[in-house]
Amino acid sequence: MPTKWAVLMGGRTDRINANEPQPSEAPPADGGADCPIDPPSWLTQRAKNVWRQYAPDLHLVGVLTLWDVEAFAAWCDAVVRRRDAIEHLRKEGAVREFTVYNKNGQPTGTRVGKNPWTYVLNDADAHFRYYAARFGLTPSDRSALSLGEAPGEPGEDLLDHG
């Protein structure tokens with residue numbers, strides 16, 4: 001359960017992770033150039049753009065290290081494949097008409113079937129979710145990560161004392 005939700009729902013304070021990493025409020029002003037960890041050369045330019053968007057924050061809170069380059073690169077690649085699949089499905093639709101051929105390779109008619117991009121999307125989603133969980137990129141996954149000791153009561157900053 002996301003930490004902020006647990007606090008709002010009155011969760012037990014001994015079970016609330018006060019040390020979870022928090023993303024920045026805005027993307028890096030320098031476009032991610034200040035992250036000392038470079039994306040691997042095999043990433044596409046679009047995946048490198050995703051890297052530069054998220055890597056500075058993840059490195060700053062200690063979630064992205066040199067040991068994590070391949071795993072984080074796989075997540076960036078999954079993001080791009082997911083976006084590509086969504087764009088193709090938006091243009092072509094989830095269901096398409098396909099030509100049917102006989103054993104001699106001659107067209108004999110058509111059939112309706114699932115657009116192959118739905119399989120690409122499902123595969124990219126699975127990779128996206130798998131690696132997102134490893135880096136705490138969703139609220140629920142982030143609540144499982146801890147950055148060390150934090151002062152004060154867990155979730156105290158989320159409560160209105162006014």
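## Glu92 and Arg96

In this predicted model, Glu92 is partly exposed, with a relative accessible area of 34%. Glu92 forms a salt bridge with Arg96, and their closest N and O atoms are 3.7 Å apart. Arg96 is partly exposed as well, at a relative accessible area of 30%.

Side chains of opposite charge can pair when their charged atoms come close. The count of salt bridges comes to six. One of them joins Arg81 to Asp123, with the closest N and O atoms 3.3 Å apart. This pair links distant parts of the chain: Arg81 lies in helix 3 and Asp123 in helix 4 (residues 117–134), 42 residues apart. Arg81 is partly exposed, with a relative accessible area of 23%, and Asp123 is partly exposed at 38%. Asp77 joins Arg81 and Asp123 in a network of salt bridges.

Arg82 forms a salt bridge with Asp125, the closest N and O atoms being 2.4 Å apart. Here too distant parts of the chain are linked, with Arg82 in helix 3 and Asp125 in helix 4, 43 residues apart. Is Asp125 buried or exposed? Asp125 has a relative accessible area of 16%, which is under 20%, so Asp125 counts as buried. Arg82 is partly exposed, at 29%.

## Packing of helix 2 on helix 3

Helix 2 (residues 45–60) packs against helix 3 (residues 69–92) at an angle of about 130°, and their axes are 9 Å apart. The angle therefore makes helix 2 oblique to helix 3. The crossing of the two helices is right-handed.

Residues of helix 2 in this contact include Trp51, Tyr54 and Leu58, and those of helix 3 include Phe72, Trp75 and Val79. The contact residues divide into 13 nonpolar, one polar and four charged.

Key:
Residues numbered from 1 in each chain as written. Predicted model: local features only at pLDDT ≥ 70, side-chain atom pairs only at ≥ 80, totals over all residues. Heavy atoms only, no water. Axes fitted to C-alpha atoms, helices over the stretch in contact; angles between N-to-C directions. Helix = DSSP H or I, 4+ residues; strand = E, 2+ residues; numbered from the N terminus. Parallel < 35°, antiparallel > 145°, perpendicular 65-115°, else oblique. Left-handed = near helix turned anticlockwise from the far one by under 90°. Contact = heavy atoms within 4.5 Å. Nonpolar A, V, L, I, M, F, W, Y, C, P; charged D, E, K, R; others polar. Salt bridge = Lys/Arg side-chain N within 4 Å of Asp/Glu carboxyl O. Buried < 20%, exposed > 50% of the residue type's maximum accessible area, 1.4 Å probe, protein only.
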